[in-house]
Amino acid sequence: MYSFEYHRPESIAQATALRAEAEDAIYLAGGQTLIPTLKQRLAAPSDVIDLSRVPGLAGIELKSDCVVIGAMTRHAEVAASAEVARAIPALAFLAGEIGDAQVRNRGTLGGSVANSDPSADYPAAVIGLGATIVTDRRRIAADDFFHDLFETALEAGELLTAIEFPIAKRAAYCKFPNPASRYAVVGVFAADFGGKVRVGVTGAGPCAFRATAIEAALGKKLDAKSVDAVEIEYDRFNSDLHASAEYRANLVRVMAKRAVEKLLTA
Amino acid sequence: MKVSLTVNGRRHDVDVAPNTLLVDVLRGRLGLTGTHVGCDTSQCGACTVHLDGRSVKSCTVLAAQVDGAAVTTIEGIGSPDALHPMQAAFRDCHALQCGFCTPGMIMSAIDLVQNVENLDERKVREGLEGNLCRCTGYHNIVKAVLNAAESM
Amino acid sequence: MSDTGIGKSVKRREDLRFITGRGRYTDDVNRPNQVYAVFLRSPYPRARIVSIDASGADEVAGVIGVFTGKDLSADKIGDLPCGWMVKSKDGSDMKIAPHPPLAVEVVNYVGEPYGIVVAESLAAARDGAEVVATEFEELTPTVSVANATAGAQLHTNVPDNVCYLWELGDADATNAAFAAAAHVTKLTFSNNRLIPNAMEPRAAVASFDAATEEFTLVTTSQNPHLERLILSAFVQLAPEHKLRVIAPDVGGGFGSKIFVYAEETAVAWAARRVGRPVKWTADRSESFLADAHGRDHLTTAELALDGDGLFQGLRVRTRANLGAYLSTFASSVPTYLYGTLLAGQYRTPAIHVEVEGVYTNTAPVDAYRGAGRPEATYVVERLVETAARELKVDPAALRRRNFIAPDQFPYQTPVALEYDTGNYEASLAAALEKSDYANFAARKAASEQRGKRRGIGFSCYIEACGLAPSQLAIQLGAGVGLYESGEVRVNPTGNVTVFTGSHSHGQGHETTFAQVVSDKLGIPFENVEVVHGDTGRVEFGLGTYGSRSIAVGGSALVKATDKIIAKGKRIAAHMMDTNADSVDFSDGEFAARDSNQKLTFGEVAFAAYVPSNYPSSEEPGLSEKAFYDPKNFTFPAGTHIAEVEIDPETGVVDVVNFVAVDDFGRVINPMIVEGQVHGGIAQGIGQALLEHGIYDDGGQLITGSYMDYCMPRADDLPSFDVDMTVTPCTHNPLGVKGCGEAGAIGAPAAIMNAVTDALGVVDLPMPATPERVWRAARG
């Protein structure tokens, strides 16, 4: 790890001010991606701004039509949350599928979503539920948030503070984990909002995206078989030693079908 | 920078560079070499300790982040003449061979038993996915965790 | 006998320190005033080192020095040797590529060390390493084993990159068997490259005492005496009596810590050079790049059968990847540990094997758990299973028809080995029973109902363990004998310190060896302490690998114990006023047959050290050493049966049942033996389904971390159903055979036979990854 200055701000204003003042600062949430990156000397920030003591960034709030989860809420808390389990059980399930137990005890919602790792789990739910990303300066719709590999709508210094997940009538997440890293090779989050179906896919492309063709098919008939007829375009899909683009396309179909089956029996 | 932390019930004040990892404080500063480092990509779990009661990989936590927190390491859960039930179960079930992954495995297993209800073989296997063991094939580890769950 | 004797599942005494965090591994060792080393490693698979400019590093605060291969050679540090001379079929010696510990002119694999940076702190050493400016001239690499002989030549003295073309068996007889065959089964397959991944990365802490000119090297070794011997006799670091090698608690080896590597050599040298203790611990990333890898064969194999399904001939052509240099035992693994095992459990009368060992621009390949024997079993058992399918014969029945029968031992195979004993039918029968083979069809039908495909696969493996009769090994090219030493030192108060040249890095010798000695001496288990892993305390040893410890190291201790008992009898006879022939020893008591006098072991031990009433012909003291040189290899064997269920939509293979019935001869501690089997099976399943060390065409290792190299995790594996049959080894005093590698040897073929059965395909490359299986399932 290269050396850096460490800061532990106690307010959002302080955090963003530190970020603005420093030469090349980076926010530290749970650190489960950032710290390994720093250890490998793949990043050399001048300043690390630890958000763990900023009040108000962590917590789960159940509202009438959505669940609001603070950016610094750990995966384990979401996975174990009675509120989330009641409102959007698929989201609690997804949180329990991230990484491993130790990672879930440290990793945070905000850190995961802001990083936009192509194989992270949460982005599938953000897209699938049509969540709203709340920052220190604005609200961003899920569909506008993920731009590319590790690229999001967040501007320099913009701080993700919470995510509002609309409560679906029913939803389900199915993941095909990378056998080595346990990240998602493909993860599909399907949500039924009573007639309107959203399908978020992670792992397959450079960033999470809506599977609109599958959504259209499921909109006609919410049935696993509906997915069979859908052509899965995989020109822009990731291809690596664990899964070719073609195989990923198959996994999108299979995980989508299984998510629908699970959703229907939920 | 100054970091003050409680390790195995004892308070320590250490002066560290901001880029110091928790595991390096434990091993290098406090001489608690029971916590091991088996990889550099936060995958193997050999460095698992409890941070405020929950399992974390101490190679993926900065010392600065644990200022004011309580850390428990393998040295803090039991001693040869007063073993923690999980330690005893590992020995009774031959759940270790070379012993290198063992401290991290035990710390993860304790968290698992304390936080997951109705443990069965499948849940134990899934719950230990963050800890690699190359010796045992996990067979006896699973047995040990299920046994310890009975007595904890 | 007590509940701690031979055959009892005694809880391991080493566990208490491990479960409480009190183990002492190399990285836990710190020396006053120590400094830290980081290695400069090649980013290229093949390149000429044009220049190394370390001036930037010298500017970094805390950097003490940057040293290169030239500094080592200026100090007359020799090459890392290969300890086994294999001859080609034309009688010529294998072609040995020079292997300087730090590359001097050319680097030959990504990760090859060419320099060492020593600094006051690890961070400073890293900073220093980062600013060393090395100019390389890239050369065309030869990466894949398939193209090895056609690719660019790595070493000037090795044309076509062929180290040797070795053969074993009777080519003419084998060809004749094929000419007369009623059926021939032929397969071409690879045996995937594996990366050992002991959980403790390699490490070394070296110090040099200028006053005594003695080195002390604490390092992660499976055989500290061999390390000392090589560093002294070949590398010329220091004379043997001025070099102490300590292998303290070692966190797994699986073969990868047998070898003498560049890093500990350079670290020890640097300790003298900078005059301070030097410490180095590998990052896992370095382990991936620079630990010796395993397997990596391409093979075409054919089995000839007559009209009755009897095996008549086996013809095997293998190209074995040796990597860029010959590691310590690399040459022997795909030859004497492979070709000799191709008879398997069968009476195949004619066998011929040819192995081409080739160099490539990849990390050196050497022994990894099983070492040659898993590859041999894979060849034989995939062929036999395939033949059974082709002939539509039950695979168990075809095996039975060809087994060497219990009354045919000792059995001379056509590939050099003489099996002393075995009962293959017994382990097969037990495994069939345990796996409920009779009802497999019903389970398969039930799976199909659920849209899944189920398969079952056998593997009746054999291994040669208890390495090895020294004269035979040396005759075949070994550079050292393969006996083992042991010492039993009875202390004046009657407790015993045992010194063994075997080394435990997870096997539990501190427990099992104490069981053997306490059982033989009839003294409490607690009164026996086992010392290993320190050339300063143990006289000599060859270490632990090849499932040799109990068969060879244990036998040495029995021999030493017998000497103790014999001397004890002479002392006791004098004390009881009789002669030694009239003294019986059992349960810790010396009894005079002609009177009812008895002496306890403790009384005799005390007399040996306080010799008042003592025979004048005896030296005082009660301490005996023994070297045991085995008369033959031992031949553990057994049957593994795997049952898998495949999800054709995703290609995921679920191992739903794994049965292993092994014959290890007599077993000292069943609990420990079962644990060894479990671990071996996990590595075997890992090879079959998960693990693969992959270099891309450009020679970069693309599975260089746990993000991409797929290690078996708890949820990848089932619980295993393990049992044993017992046919004692006929030629060692304990009747033991060894158990460390069986799982890794038997499992891959069992799994792949099951996977191909489920899919209805002839072959599938290992590892059977989800994508490969998905493609195969689609047809």
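In this predicted model, Arg317(C) stands opposite Glu354(C), a residue of strand S15 of chain C. This pair belongs to a place where strand S14 and strand S15 (residues 350-359) of chain C run in the parallel sense, joined over 10 bridges. Strand S14 also pairs with strand S13 of chain C, and there the two strands run antiparallel.

**The strands around S14 of chain C**

- Strand S14 covers residues 311-323 of chain C, and because 12 of its 13 residues are buried, the strand is largely enclosed by the rest of the structure.
- Strand S13, which covers residues 297-305 of chain C, is joined to S14(C) by 9 bridges in an antiparallel arrangement, and within this pairing His297(C) stands opposite Ala320(C) of S14(C).
- What does Gly309(C) do in the hairpin of S13(C) and S14(C)? The hairpin has 5 residues between its strands, and Gly309(C) takes a positive phi near 75 degrees there.

**Chain C as a whole**

- Chain C contains 19 helices and 28 strands, and its C-alpha trace spans about 85 × 75 × 50 Å along the principal axes.
- A compact globule of 779 residues would have a radius of gyration near 28 Å, and because chain C has 27 Å, its value agrees with that expectation.
- Of the 779 residues of chain C, 61% count as buried.
- If we take the contacts in chain C with a separation of 6 or more, 80% of them are accounted for by residues 24 or more positions apart.

**The largest nonpolar core**

- In soluble globular proteins, nonpolar side chains tend to be buried together.
- The largest nonpolar core in this model has 397 residues, and those that touch the most other members are Val188(A), Ala190(A), Val117(C) and Ile751(C).
- Which residues does Ile751(C) touch, not counting residues up to four places away in sequence? They are Gly457(C), Ala642(C), Val644(C), Val655(C), Ile685(C), Ala688(C) and Leu689(C).

**Domains of chain C**

- The domain assignment gives chain C a domain 1 made of the segments 31-139, 200-251 and 257-290, a domain 2 made of 297-467 and 632-778, and a domain 3 that covers 483-628.
- The C-alpha centres of domain 1 and domain 3 of chain C lie 40 Å apart, and 15 residues of domain 1 are in contact with 13 residues of domain 3.
- On the domain 1 side of this contact, helix H6 (224-233) and strand S11 (243-246) of chain C each supply at least two residues, and H6(C) gives the largest share, with 4 residues.
- Sorted by class, the side of domain 1 of chain C that touches domain 3 of chain C has 8 nonpolar, 4 polar and 3 charged residues.

**Domains of chain B**

- Chain B is assigned a domain 1 (2-76) and a domain 2 (85-151), and 21 Å separate the centres of these two domains, taken over C-alpha atoms.
- The contact between the domains of chain B takes 14 residues from domain 1 and 11 residues from domain 2.
- Strand S3 (48-51) and strand S4 (54-57) of chain B each supply at least two residues of the domain 1 side, where the largest share, 3 residues, comes from S3(B).
- That side of domain 1 of chain B divides into 5 nonpolar, 8 polar and 1 charged residues.

**Contacts between chains**

- Between chain A and chain B, 22 residues of chain A are in contact with 24 residues of chain B.
- The elements that give two or more residues to the chain A side are strand S1 (5-7), helix H2 (34-39), strand S3 (47-50) and helix H6 (101-106) of chain A, and H6(A) provides the largest share, 5 residues.
- The residues on the side of chain A that touches chain B divide into 9 nonpolar, 7 polar and 6 charged.
- Between chain B and chain C, 45 residues of chain B are in contact with 43 residues of chain C.
- Helix H2 (85-92), helix H3 (102-115), helix H4 (121-127) and helix H5 (139-151) of chain B each supply at least two residues of the side that touches chain C, and this side of chain B has 19 nonpolar, 17 polar and 9 charged residues.

Definitions and conventions. Residues numbered from 1 in each chain as written. Chains lettered and ligands numbered in written order. Predicted model: local features only at pLDDT ≥ 70, side-chain atom pairs only at ≥ 80, totals over all residues. Contact = placed C-beta atoms within 7 Å. Nonpolar A, V, L, I, M, F, W, Y, C, P; charged D, E, K, R; others polar. Rg over C-alpha atoms; globule rule 2.2 N^0.38 Å. Buried ≥ 20, exposed ≤ 12 C-beta atoms within 10 Å, placed from the backbone. Core = buried A, V, L, I, M, F, W, Y, C linked by C-beta atoms within 7 Å. Domains from an automatic or database assignment. Pairing = 2+ DSSP bridges.
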